[in-house]
Amino acid sequence: MINVRLNGFALCLLAVLLAGCASSPTAVTDYDPAYDFLGARNVYILPLDRQVSSVAAVSDIQAARMNEDLGRVLAERGYNVVDAAQQADLLLSWHLVTQERTDVRTYNSASARYTSCWSCPTSQSTNVSVRQFTQGTLIVDLIDPVGNRSVWRSIVEERLRDLSTDQAAELRRDVALALFAEFPP
């Protein structure tokens, strides 16, 4: 009976730990408080600027999928994604910046020597773990076409990793939701 309770407790603890590890992306947002976001209903998603070096890593397929997810989240918030910039109250521009990073961690571990000497010192060793990864920063700007200036910006940073098609779709959706979590302000 006690063994069953301990196994149940361990299972619950594992579920809580896994839920904590599976955190969703968060965004940092800034906006112009003088801009009337409630008066803007139509958004045009600008094509990617292929002159920017960081955009070269984004394929046309990936860009189309990101545009779809951004448009879907905007539609859920009551905005219309239009087909021409002339019809838009806001222009949406996004780009991905990637940077190679190194994560270095050190771990100290003590090991006791199994001797008959109780007062003998323990030996310590230092382990070093070095991992290379790519940090991706997705930046979304909403631009007032009349003043030709950004009135809202949202940024999400994530480690980029190889994902299955389904996992990538889920991550894009989570990122799009995070980007517009506080929109309209």
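Visitor: Why is N148 called exposed?
Guide: In this predicted model, N148 has a relative accessible area of 64%, and since the word exposed is kept for values over 50%, N148 counts as exposed. The residue sits in the loop between β5 (123-144) and β6 (149-160).

Visitor: What makes the phi of N148 worth a remark?
Guide: The phi of N148 is near 50°, which is a positive value in a residue other than glycine. Most residues other than glycine have a negative phi.

Visitor: What makes W94 a buried residue?
Guide: W94 has a relative accessible area of 6%, and the limit for buried is under 20%, so W94 is classed as buried. Its place is in strand β4, which covers residues 90-111.

Visitor: Which residues is W94 in contact with, leaving aside its neighbours within four places in sequence?
Guide: With those neighbours left aside, W94 is in contact with L48, V58, A63, M66, N67, L70, L138, I139 and V140. For N67, the two C-alpha atoms are 9.0 Å apart in space, while W94 and N67 are 27 residues apart in sequence.

Visitor: How do you know whether F183 is buried or exposed?
Guide: The relative accessibility of F183 is 3%, and because buried means a value under 20%, F183 counts as buried. This residue lies in the segment after α3, and, not counting residues up to four places away in sequence, F183 touches F37, L74, R77, Y79, L90, L142 and W152. F183 and Y31 are 152 residues apart in sequence, yet their C-alpha atoms are 9.6 Å apart in space.

Visitor: What is the peptide bond from F183 to P184, cis or trans?
Guide: That bond is cis, with omega near -5°, and P184, like F183, lies in the segment after α3. Most peptide bonds are trans.

Visitor: Why is the packing of α2 and α3 called oblique?
Guide: Helix α2 (residues 60-76) and helix α3 (residues 165-179) pack at an angle of about 45°, with their axes 9 Å apart. Angles under 35 degrees count as roughly parallel and those from 65 to 115 as roughly perpendicular, so an angle of about 45° makes α2 oblique to α3. The crossing of these two helices is right-handed.

Visitor: Which residues make the contact of α2 with α3?
Guide: From α2 the contact is made by R65, M66, D69, L70, R72, V73 and E76, and from α3 by R172, R173, A176, L177 and L179. Sorted by class, the contact has six nonpolar, no polar and six charged residues.

Visitor: What is the order of the elements in the protein chain as a whole?
Guide: The protein chain has three helices and six strands, and from the N terminus on the elements run α-β-β-α-β-β-β-β-α. Of its 185 residues, 28% count as buried, while the accessible surface comes to about 12600 Å², with 53% of that belonging to carbon and sulfur atoms. Among contacts in the protein chain with a separation of 6 or more, 74% are accounted for by residues 24 or more positions apart.

Methods. Residues are numbered from 1 along each chain as its sequence is written. This is a predicted model: local features need pLDDT of at least 70, side-chain atom pairs count only at pLDDT 80 or more; totals for chains, interfaces and linings use all residues. Side-chain values use heavy atoms; hydrogens and water are left out. Axes are lines fitted to C-alpha atoms, for helices over the stretch in contact, and angles run from 0 to 180 degrees between N-to-C directions. Helices (H or I, at least four residues) and strands (E, at least two) are DSSP runs, numbered from the N terminus. Angles under 35 degrees count as roughly parallel, over 145 as roughly antiparallel, 65 to 115 as roughly perpendicular and the rest as oblique. A crossing is left-handed if the near helix is turned anticlockwise from the far one by less than a right angle, and right-handed if clockwise. Contact means heavy atoms within 4.5 Å. Ala, Val, Leu, Ile, Met, Phe, Trp, Tyr, Cys and Pro count as nonpolar, Asp, Glu, Lys and Arg as charged, and the others, Gly among them, as polar. Buried means under 20% relative accessible area, exposed over 50%, partly exposed in between (1.4 Å probe, protein chains only). Accessible areas come from the Shrake-Rupley method with a 1.4 Å probe; for residues, only the protein chains shown count as cover.
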